[in-house]
Amino acid sequence: KDADSSERVLMDMRWGLVPSWFKKDDPSKLQFNTSNCRSDTMLKKSSYKGALLKGKRCVVLADGFYEWQQQSGGEQPDFIFFSQNNDGASLLQNEGKESDEEWKGWRLLTMAGIFDCWEPPAGGEKLYTYTIITVDASKDVSFIHHRQVRAVKGMPAILDGDEAIRKWLDFAEVPTQEAVKLIQPTENIVFHPVSTFVNSVRNNAPECLAPIELGVTKEVKATPSSKVMLGWLKNSQEDSPQKKENDLPRWTSQFIHSPSPKKSSASVLQQWLGKEGEPAAKKRKA
């Protein structure tokens, strides 16, 4: 409230949007899936239209996402992520060539989302939730076609670059009809096949991202660039103790109670959270 529309905050939210108008006492009673929302229908469906028109736009951060492709031996997972060439050393691509540039850290995937705030009818803790906007996969996504399997039909709407992120988040300066034009497929993504270890949601380790060679049982020999990435992942994991099984949020019965939003200047997010001293955008008028 009363914040400049250009101000950015980090906040925990539950995946799967619960509309603010939902009147039942338990959000788990919502009878349809709102994890993803198609870009071509988001202004038509009541679950998303109200929040979108009120400027409740967010950016969902991730290392990347997975896509499973049907093959003769079953489904093969791929890890899909931003090309890392724009932000530092070549990573997991052009493996025979190493960049002289210092690797500045993993470039996070920035996906366009919509959020809403639901309050229990009888009062209580507010629940912030979000949905990820999806678009039709680009016709030029050749990394799926070359293996002669079905093409990816849809993918997250990825905001590529600081300017796209700024426009999507600035709900006062960029009205809804202009913002939705930013939702387009992107070409700036790469992939590699990963182990079926990732098929279990209980597995949360660097091995989920490690590249493998199809048709053999052993993993690809690590390149210097992939060693840097895996070393970074392992160090990050050591800094954050693994959650116990009982601590995992349960979709049907456990709410994720989020604290009030707080400004952040975490190193990997600092460049897109904004820098001090930048002129503030106009406040949104009531």
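Mentor: Start with Pro 185, in the loop between helix 4 (176-179) and strand 9. Helices (H or I, at least four residues) and strands (E, at least two) are DSSP runs, numbered from the N terminus. This is a predicted model: local features need pLDDT of at least 70, side-chain atom pairs count only at pLDDT 80 or more, and totals for chains, interfaces and linings use all residues. Residues are numbered from 1 along each chain as its sequence is written, and side-chain values use heavy atoms, with hydrogens and water left out.

Trainee: Why is Pro 185 called partly exposed?
Mentor: Buried means under 20% relative accessible area, exposed over 50%, and partly exposed in between (1.4 Å probe, protein chains only). Pro 185 has 36%, so it is partly exposed. Its C-alpha atom is separated by 6.2 Å from that of Ala 137, 48 residues apart along the chain.

Trainee: What makes Ser 47 buried?
Mentor: Its relative accessible area is 7%, so Ser 47 is buried. Ser 47 lies in helix 1 (residues 46-53).

Trainee: Which residues is Ser 47 in contact with, leaving aside its neighbours within four places in sequence?
Mentor: Leu 17, Pro 19, Trp 21 and Phe 32. Contact means heavy atoms within 4.5 Å.

Trainee: What makes a set of residues a nonpolar core?
Mentor: The members are buried Ala, Val, Leu, Ile, Met, Phe, Trp, Tyr and Cys residues, joined through side-chain atoms within 4.5 Å. The largest such core has 39 residues. Those with the most contacts inside it include Met 42, Ile 114 and Trp 168. Strand 6 gives the largest share, six residues. A second, separate core of nine residues includes Phe 79, Phe 81, Trp 106 and Val 190.

Trainee: How do you know that strand 3 and strand 6 pair?
Mentor: Two strands pair if DSSP finds at least two bridges between them. Six bridges join strand 3 to strand 6, and the two run antiparallel. Ala 62 stands opposite Leu 109 in strand 6. Strand 3 is also mostly covered, with five of its six residues buried.

Trainee: Why do strand 4 and strand 9 count as edges?
Mentor: Three strands form an open, antiparallel sheet in the order 4-5-9. Strand 4 (65-71) and strand 9 each have a single partner strand, so one side of each is left without a neighbour in the sheet. Seven bridges join strand 4 to strand 5.

Trainee: Why is the pair of Tyr 66 and Trp 68 called tilted?
Mentor: Rings of Phe, Tyr and Trp (its six-membered ring) pair if their centres lie within 6.5 Å. Planes under 30 degrees apart count as stacked, over 60 as edge-to-face, and the rest as tilted. Here the centres are 6.0 Å apart and the planes at 45°, so the pair is tilted.

Trainee: What makes Phe 79 and Phe 81 a stacked pair?
Mentor: Their centres are 5.1 Å apart, with 20° between the planes. Both Phe 79 and Phe 81 are buried. Trp 68, at 28% relative accessibility, counts as partly exposed. Tyr 66, Trp 68, Phe 79, Phe 81 and Trp 106 form one aromatic cluster.

Trainee: How do you know that Arg 57 lies over the face of Trp 168?
Mentor: A charge sits over a ring if NZ of Lys or CZ of Arg is within 6 Å of the ring centre and within 35 degrees of the ring normal. Arg 57 lies over the face of Trp 168, at 5.3 Å from the ring centre. Arg 107 lies over the face of Phe 82, at 3.7 Å.
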